[in-house]
Amino acid sequence: MPNNISKTNMHYMKLALKLAARGAGWVSPNPMVGAVVVKDGRLVGRGWHRRVGAAHAEVEALRQAGDAARNADLYVTLEPCNHLGRTPPCTQAILGAGVARLIIATQDPNPQVTGGGAEYLRSRGVVVETGLLAAAARRLNEAWFHWVNTGRPWVIAKAACSLDGKIATAGGESQWLTGEAARAFGHRLRHQVDAILVGIDTVLADDPLLTTRLPDNHPKNDKRKTKKPGKDPIRLVLDSKLRIPLTAKLLHLDSPAPTWVACTDASPPQKVRKLERLGAEVLRLPQDSGRVSLPDLLKLLGARQIQSLLVEGGAEVLGSFFDQNLINMFHFFYAPKILGGRNAPGVLGGRGVHFLKDAHPAQNLELRCLGPDLLISGHLLQPSKTI
């Protein structure tokens, strides 16, 4: 990173990062990218990657800048591509626009790409600087970076509980522990991820939709036909023995996102065929103690370009992911209620740990209030051994 970092440089890169975040939920399997063009201290172009197949952020910003891009500075949150994909290489657009200086937040993590775009532009006379707000840029695309480096999705655990860690009363009542603001946050998470996972017990108990339901911010008298405010994630049910009812709501949705049911090789073929006739895809996976092997499931999802997976539970499913060190990030909502009861279920099932030294270490903790509820978010420190 250059030594002469100014507040102005920081300002423009922060703006590029803010623009990049607008692509959340729409651009996977591509990363979120933002770009701004600055000429003689004046902002002349801005852009972000809006959806898969659309113009990349750099191209959009350069188009807006027009002739003003010549001899200008271009701030971009990720190293420009130098290969032909769904769209032409961004390096060619940068050269064609006559950009004098390129400021990159972070390089592309792909070993076959890293540095290629930057070096190509340097070799053709563009001044290239890297590292400005690199940590923030990597955090923005942490799911994409993780998928590129490991081939597995970034796994996010989400749960809502009382202050004493209960997800339901001793009598089994659980809806709704948290308020509207917390539930709205959960739906924004659904929009941002590629897939959402629950266990068969949740389907049998709640018959959920697992869709994204965000408010439509257009005025009531606005007659324009607009796309849905958020996108639905792929719905994934862990169901080792295929106990899912054929009447389950998530098998009968009018949604572009499919429903997948993960089972073991021992599942009855007749039930598989019935689910497939309803439009669901059945994923038959190796078993681990009679249950779907979670590491094998994550490998399969990664191969299918699922970069982010939201695990909403219930307690046994969440516990299994924690037991196997498969959680990367968590969002735990705490309602201002005390439930108590030795038979009231807790937020995590599974085996748990026997010794404090084996506890799952959390880091990067954030605390915020959502209406009357508390949200604690953080990352889990992963062991060095990978699945």
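**View 1. Aromatic pairs in the predicted model.** A search of the whole structure finds 5 aromatic pairs. Rings of Phe, Tyr and Trp (its six-membered ring) are paired if their centres lie within 6.5 Å; planes under 30 degrees apart count as stacked, over 60 as edge-to-face and the rest as tilted. This is a predicted model, in which local features need pLDDT of at least 70 and side-chain atom pairs count only at pLDDT 80 or more, whereas totals for chains, interfaces and linings use all residues. Residues are numbered from 1 along each chain as its sequence is written, and side-chain values use heavy atoms, with hydrogens and water left out.

**View 2. The pair Phe 322 and Phe 332.** The ring centres of Phe 322 and Phe 332 are 6.4 Å apart and their planes stand at 45°, so the pair is tilted. Phe 322 belongs to helix α11 (residues 315–323) and Phe 332 to strand β14 (residues 329–335); the two residues are 10 residues apart. Helices (H or I, at least four residues) and strands (E, at least two) are DSSP runs, numbered from the N terminus.

**View 3. The cluster of Phe 322, Phe 330 and Phe 332.** Phe 330 and Phe 332 form a tilted pair, 5.3 Å centre to centre with 45° between the planes. Phe 330 is buried (under 20% relative accessible area, with a 1.4 Å probe and protein chains only; exposed is over 50% and partly exposed in between). The relative accessible area of Phe 330 is 6%, and Phe 332 counts as buried at 11% relative accessibility. Phe 322 is also buried.
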